[in-house]
Amino acid sequence: MDWERIDRHAKQWTEEAGNRIRSSFDKTLNVQTKSNPNDLVTNMDKEIEQFFITQIKKTYPDHQILGEEGYGDEIKEQKGIVWMLDPIDGTMNFIHQQRNFAISLGVYEDGIGKIGYVYDVVHNELYHAIKGKGAFLNGKRLPMLKEAKMEEAIIALNATWVVENKRIDHNLMIPLVRDARGTRSYGTAALELIYVATGRVDAYISLRLAPWDYAGGALIVEELGGVVTNLRGGKLDFLSKDSVFAAKPGLHETILKKYLKDGKW
Ligand code: 2AM
Ligand code: CA
């Protein structure tokens, strides 16, 4: 497998997609809702996913694509090469703020992450990892993560999980929020994983993400020595939705043992 060639294409298409998103800012967005009134999609989410699919299918006809907007393939098993794509992660931010969103891409072989890209389009920051070779910001190598203590930790998590909700007993989250130095919510899983990778936050927790949200970012965190699992401490699932817990080394184990062990996540 020529991974250097695949990586060149992944980078080229991600940058081209970023340019398209940037030039859409002066045009009128068409916003629609999906499963509920707050589940949003725009013409740009669809256009960017279709752009990637056209390029990938033309260049690599035997590769498969798992995309959020559903124009890709139905993936039933972790076999062969699968491109996992979120054309715009943080769509609500994209619509309301024109910032705090990213293109997220992970290329996996037999379920193992090989290439990850997360592109913060507005800041022109292209984050990139290659399995076993480290992670980079705009081509410059990123430093490895250091251990962090709970009492000095900033944890990224959505307030949804700290008030009564359908998914978890929110009381279990209260000690975690109380003991951390601070919490932050950015509304974009891909960038929140990047904030863990770059040490801007120390951990990130979400109870409900899909493979396209974390396929790119998880590899980038892991290449820098961070740990990414679900909230049960198990391996992430790339065939269905899952919870996600990413943290600096050491802190991951501490939080898992002290704060997450009693949850039915
Ligand atoms: P999206 O913007 O691509 O939909 C917001 O906290 C983060 O969670 C975003 O990364 C968002 O991705 C993701 N997200 C929101 N609702 C989701 C759902 N129902 N399933 C999976 N991911 C979701
Ligand atoms: Ca999306």
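**Note on the ligand 1 site**

1. A nitrogen atom of ligand 1 lies 2.8 Å from a side-chain N or O atom of Asp213. That is a polar contact (a pair of N or O atoms within 3.5 Å). The protein covers 79% of the 480 Å² of accessible area that ligand 1 has on its own (Shrake-Rupley method, 1.4 Å probe).

2. This is a predicted model: local features need pLDDT of at least 70, side-chain atom pairs count only at pLDDT 80 or more, and totals for chains, interfaces and linings use all residues. Residues are numbered from 1 along each chain as its sequence is written, chains are lettered from A and ligands numbered from 1 in the order written, and side-chain values use heavy atoms, without hydrogens and water.

3. Backbone atoms also take part. A backbone N or O atom of Ala189 is 2.8 Å from an oxygen atom of ligand 1. For Ile88, a polar backbone atom lies 3.4 Å from a ligand 1 oxygen atom.

4. The shell around ligand 1 holds 15 residues (a heavy atom within 4 Å). Asp86, Asp89, Gly90, Ala189 and Asp213 come nearest. By class, four are nonpolar, five polar and six charged (Gly counts as polar).

5. Strand S4 (81–89) and strand S12 (203–209) each supply at least two shell residues (strands are DSSP E runs of at least two residues). S4 gives the largest share, three residues.

Terms used:
Polar contact = N/O pair within 3.5 Å; in protein donor to acceptor, adjacent residues only side chain to side chain. Helix = DSSP H or I, 4+ residues; strand = E, 2+ residues; numbered from the N terminus.
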